[in-house]
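Here are a few notes to read alongside the model, written as numbered points.

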Amino acid sequence: MTPQSTDPQSLRLLGCTTSHQVSSDHLQVGDGSRKSDGASKKRSHSVMTAQTQMIPQFPSPNAGPLGADTSAKNGNTHPDRAGADSKKPKAKHADPSKWKQNKQKQLRMEGKAYASKRKKDGELVTKQPRAVGPRCTSNACKKASNRLCNEINEEARKRVFEEFWQHMNWTQRKQYVARQVDCDPVERSRAAGSQSRRSVSLRYHLMVDGKRKQVCKNMFLTTLGIGEWSVLNWAQKGGAKNNESNENKPEKRQAVPQCPRQIPSSSTVSNTVEGTQEPEGPPRKKSRVARPLTWKQNRQKQLRMEGKSYISKRKKDGITITKAQRAIGPRCTSSACRRASNRFCADFSEEMRNELFTSFWQRMNWPQRKIYVAELVDCDPVERTRAPWTQSRRSVSMRYHLLAGSDRRQVCKKMFLSTLGIGEWSVLNWAQNSSKQDDSEENGKRQTQRKSRKASEHIFLKEFLESLPKVPSYCCGTTISKLYLEPVFSNMSEVYRHYYNHCLEKMTAPLSRQVFCAVFKKMDLGLWDPKKDQGCSFGATGNLFNELWEEYCLERGAAGPQPEKTGNQ
């Protein structure tokens, strides 16, 4: 006999099991009269399985939690294998702060050196850390009254820089720049011929010791260590946000009383602060920076200037033309050059020609090559035209030279072009352009010299006319304030002849007769006519020298007017 439990729950379970057993026995007895023992065994096995399936519906209080290990009850003798099958791999949690791209972005926002995402010629570009640039040294800022660049010393600039990059985050820097840069409408457009691309006029300021001081753009950018594009973008966006906030202010004030007042929690306050700092809308794509050196056209141009093989812009029958590399050509073998006494093509060996070619294409840039060719080619006027019946298109005669050490030796055109590896058109163009520039410079010098020479000649003429003896106008019976030359000269030709001889003595170039007469009239001078003014007394003036008067009278062969005699004589 098994001991009976007094627990009510166990009794309930026992009643259920007995009822199932009774029904099963009743079924076994009823079926035994119709079927064999094998069938009864099968049915009893099915009844036992049904009992085992129905028992878990009433769990015991001592039963373990759901999902507990039941491998021992089921006859499983390998619990380790069952545990290994039930384990699942843990999911990895993403940590964006450890990503390479975010690390470099954080360094960029802190103003430190970082590796850029963009590459140059397939190589990574490392950006340098932010630093204070050179200060403004413009004379315009020194003269301007509204720019205070000179009042900010280096210590103040360093303090502003450190406060900007060490005590602010990226959003605060944007707000700082937007507050210190004023965006005003354009008042004056300097591009009068075309439409200006400038939409706003920017005025830059720096906060120094609590004061907002206006500075130039160069001073602003170098002090904060930021780029021009960032300042323009941040200032324009900050100005647009301010305008929107000013427009929406009255609407917000009307809507506030409708909402009940609630005390926000700390989490909501932090969320609102973060929401104000983050920009609205989708993230803006960075604009691409132009790199002209990497353009296909400029790369081919650089190869052409270096004398290497390149692809030409011109096409032949729709096919691109590849130009060959510059190379030294064959030397001159003309018998005329051998016989000529002024051509020295045979004096240059192959080593000398190779040295000239390498120095021309490897040690010079393009402007230096132009100057080199212009110095070695002389452009002279045409002496002989071989086509007299037609108009010749040749404007100059060219003589070519090559350097043998430090000596210029004349060679033929073929020897010159093949040694340097250049074309005929390039030589003609470079030589003529340099000669025109030289002529224009010489003409300018001549004009300046002529102007200065004429000024000195005018001064000399005025001094000469002032030194001549003169008679006041009242001695000649006139009341005009005019001076007359004393009767040494009878006409303007004699006065000009005397001036001409005086210029030859002083080794100066005389002016023309027309200029002489114009200056004579401008100085309000005149010639005395003895026939009109016979009563004029010359002895009283004291300006007429006796020796000059006697000499003049002897040359004329007649006695001049004598001074008046008193009544006693």
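**Notes on the cores and contacts**

1. The largest nonpolar core in this predicted model has 27 residues. Phe164, Leu206, Val215, Phe220, Leu224, Ile226 and Val231 are the members with the most contacts inside this core. Two or more residues come from each of helix H6 (154-166), H7, strand E4 (200-208), helix H8 (217-224) and H9. The top contributor is H6, which gives five residues.

2. Leaving aside residues up to four places away in sequence, leucine 224 touches Val160, Phe161, Phe164, Trp165, Tyr176 and Leu206.

3. There is also a second, separate core, with 26 residues. Among its members are Cys332, Leu356, Leu417 and Ile422.

4. Next, have a look at threonine 223, which lies in helix H8. Is threonine 223 buried or exposed? With a relative accessible area of 0%, threonine 223 is buried. Its side chain makes a polar contact of 3.0 Å with the side chain of arginine 157, and also reaches the backbone oxygen of methionine 219 at 2.6 Å. Not counting residues up to four places away in sequence, threonine 223 touches Val132, Arg157, Val160, Phe161 and Leu206.

5. On to the aromatic rings: how many aromatic pairs does a search of the whole structure find? The search finds 14. One of them joins tryptophan 170 and tryptophan 234 edge-to-face, with 5.5 Å centre to centre and 85° between the planes. Tryptophan 170 belongs to helix H7 (residues 170-180) and tryptophan 234 to helix H9 (residues 228-255), so this pair ties together parts that are 64 residues apart in sequence.

6. Both partners can be checked for accessibility. Tryptophan 170 has a relative accessible area of 17% and is buried; tryptophan 234, at 10%, counts as buried too. Arginine 108 lies over the face of tryptophan 170, 5.2 Å from the ring centre.

7. Elsewhere, Phe464, Tyr496, Tyr499, Tyr500, Phe516 and Phe520 make up one aromatic cluster. For another charge over a ring, see arginine 304: its charged end sits over the ring of tryptophan 366, at 5.3 Å from the centre.

8. Helix H13 (350-362) deserves a point of its own. H13 has 13 residues, and its span of 18 Å from first C-alpha to last is close to the 18 Å expected at 1.5 Å a residue. Which residues of H13 are buried? They are Arg353, Leu356, Phe357, Ser359, Phe360 and Trp361. The cover over these buried residues includes helix H11 (296-305), H14, strand E9 (396-404) and helix H15 (413-420). Leu356 is also one of the residues in the second core.

9. Finally, where does asparagine 365 lie? Asparagine 365 is in the loop between helix H13 (350-362) and helix H14 (366-376). This residue is partly exposed, because its relative accessible area is 39%, and a residue counts as buried under 20% and exposed over 50%. A polar atom of the asparagine 365 side chain lies 3.0 Å from the backbone nitrogen of glutamine 368. Asparagine 365 and glutamate 306 are 59 residues apart in sequence, yet their C-alpha atoms are 7.8 Å apart in space.

How values were computed
Residues numbered from 1 in each chain as written. Predicted model: local features only at pLDDT ≥ 70, side-chain atom pairs only at ≥ 80, totals over all residues. Heavy atoms only, no water. Helix = DSSP H or I, 4+ residues; strand = E, 2+ residues; numbered from the N terminus. Buried < 20%, exposed > 50% of the residue type's maximum accessible area, 1.4 Å probe, protein only. Polar contact = N/O pair within 3.5 Å; in protein donor to acceptor, adjacent residues only side chain to side chain. Phe/Tyr/Trp six-rings, centres within 6.5 Å; stacked < 30°, edge-to-face > 60°. Lys NZ or Arg CZ within 6 Å of the ring centre and 35° of its normal. Expected span 1.5 Å × (residues − 1). Contact = heavy atoms within 4.5 Å. Core = buried A, V, L, I, M, F, W, Y, C linked by side-chain atoms within 4.5 Å.
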